[in-house]
Amino acid sequence: MTGTNAPVPIEPDGATAVVTGGASGIGRAIAAELLTRGARVVVADIEEPALDRAVAELGAQATGRVVGVRTDVTDEDGVRELAERTWEWSGGCDLVFLNAGVTSGGGGLPWQQEPNDWRWCLGVNVVGVGIGVSEFVPRLLADGGPSQVVVTSSKDGGIAPVATAAVYAASKAAVTCFTEALQLNLERADGDVGASVFYPSGGLMDTGLYSAARNRPEHLQRQGEGTGRAGTTFDELVERVTKATGRTPRIADLGELARIAVDGACRRSFVIATDLDATAALLHERAEAIGRGELPPAHPIGL
Ligand SMILES: NC(=O)c1ccc[n+]([C@@H]2O[C@H](COP(=O)([O-])OP(=O)(O)OC[C@H]3O[C@@H](n4cnc5c(N)ncnc54)[C@H](O)[C@@H]3O)[C@@H](O)[C@H]2O)c1
């Protein structure tokens with residue numbers, strides 16, 4: 001694929017897709033949308049009971065087209081096995097959603113973050129994406145494509161940081177930058193493989209992200225007292241944003257979000273997101289501030 005030619009679209013009906021972090025929230029909604037459109041889906045997730053439940057429920061309307069593979073995205077052997085099992089099950093792969101992600105834990109100020117907060121959050125959100133790319137892209141290139149790798153970033157970090165989520169924002173800035181570099185290289189590579197960066201948007205998202213610590217490994221727990229907070233729940237976030245803005249925030253429809261993600265992946269857009277006008281306006285303000293040598297504005301959710 002070259003930068004000037006329109007990419008060959010991917011037909012989801014009959015395609016094979018992998019969704020990491022597919023047992024819950026946005027990933028699960030993407031898996032459901034792919035199945036509705038006739039794809040075969042490998043759901044990969046670290047949380048085994050949630051994975052089993054998701055596969056059973058998703059499989060009820062798509063018999064034989066969905067399998068679950070318990071995977072820790074930070075473990076390269078496990079991700080290699082995920083790729084091998086996908087090729088064994090389906091003979092190839094067309095769409096890879098590298099979507100698994102976590103927050104950094106108990107919130108707090110940048111200087112209250114512990115090394116283990118960094119290790120866990122960047123381990124899953126950044127190293128996990130890197131391992132996914134290293135295991136899947138060479139196989140996709142060898143098969144020739146067309147295929148698409150979609151990296152879930154966040155406007156928090158990928159566009160501008162939410163000041164109260166410094167580590168998470170840093171992780172998402174990293175994967176946005178990495179995905180851009182990935183696509184620049186894929187455009188020069190043999191084989192029709194593309195990359196997309198997906199910014200979930202359209203309102204606050206009621207997903208498992210606010211209880212991400214349920215999957216935090218023992219060896220990466222906080223060592224000190226930290227902020228003494230367990231992290232913000234979704235209800236607390238809604239309350240905080242309502243108080244800060246004076247109105248009830250929009251709550252995103254995960255089904256609609258998944259349709260946007262799957263449409264964008266199949267169309268093979270580099271950026272997959274809604275509300276791009278507001279995003280572009282914020283980026284202009286940021287560029288102008290940087291041009292003046294000033295601190296650029298933050299993502300407004302940090303109010
Ligand atoms: N919820 C939001 O407001 C929001 C906004 C922008 C971006 N995102 C991003 O969307 C993605 C999905 O998050 P979500 O909001 O649906 O949260 P979620 O907790 O509902 O889903 C994340 C999934 O990732 C899995 N996971 C966690 N660690 C893993 C690991 N090491 N290996 C494999 N799987 C692992 C979890 O078990 C869970 O099923 C994340 O990358 C997140 O950063 C979320």
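In the predicted model, Val 151 stands opposite Val 197 of strand β6. This pair belongs to the contact between strand β5, residues 147-152, and β6, where six bridges hold the two strands in parallel.

Strand β6 covers residues 193-198, and six of its six residues are buried, so the strand is largely enclosed by the rest of the structure. In a regular strand, side chains alternate between the two faces of the sheet. In β6, cover is present on both faces: Val 193, Ala 195 and Val 197 are buried on one side, and Gly 194, Ser 196 and Phe 198 are buried on the other.

Taken overall, the protein contains nine helices and seven strands. For its 303 residues a compact globule would have a radius of gyration near 19 Å, and the computed value of 19 Å agrees with this. The C-alpha trace spans about 50 × 45 × 35 Å along the principal axes. Buried residues account for 45% of the 303 residues. Of the contacts with a separation of 6 or more, 74% are between residues 24 or more positions apart.

In soluble globular proteins, nonpolar side chains tend to be buried together. The largest nonpolar core of the model comprises 74 residues, and those with the most contacts inside it are Ile 30, Val 41, Val 43, Val 150 and Ala 261. Helix α4 supplies the largest share of this core, with ten residues. Beyond its neighbours within four places in sequence, Ala 261 is in contact with Ile 30, Val 150, Phe 198 and Ile 272. Phe 198 is one of the buried residues of β6.

The ligand is surrounded by 30 residues, of which the closest are Gly 21, Gly 25, Gly 101, Thr 207 and Gly 208. The largest share, three residues, comes from α1. By residue class, the shell consists of twelve nonpolar, 15 polar and three charged residues.

A separate site was examined in the loop between α5 (155-158) and α6 (166-186), where Ala 165 is placed. Ala 165 has 24 C-beta neighbours inside 10 Å and therefore counts as buried, the threshold being 20 or more. When residues up to four places away in sequence are not counted, Ala 165 touches Thr 103 and Asp 156. Thr 103 is 62 residues from Ala 165 in sequence, while their C-alpha atoms are 8.1 Å apart in space.

Methods
Residues numbered from 1 in each chain as written. Predicted model: local features only at pLDDT ≥ 70, side-chain atom pairs only at ≥ 80, totals over all residues. Buried ≥ 20, exposed ≤ 12 C-beta atoms within 10 Å, placed from the backbone. Helix = DSSP H or I, 4+ residues; strand = E, 2+ residues; numbered from the N terminus. Pairing = 2+ DSSP bridges. Rg over C-alpha atoms; globule rule 2.2 N^0.38 Å. Contact = placed C-beta atoms within 7 Å. Near = placed C-beta within 6 Å. Nonpolar A, V, L, I, M, F, W, Y, C, P; charged D, E, K, R; others polar. Core = buried A, V, L, I, M, F, W, Y, C linked by C-beta atoms within 7 Å.
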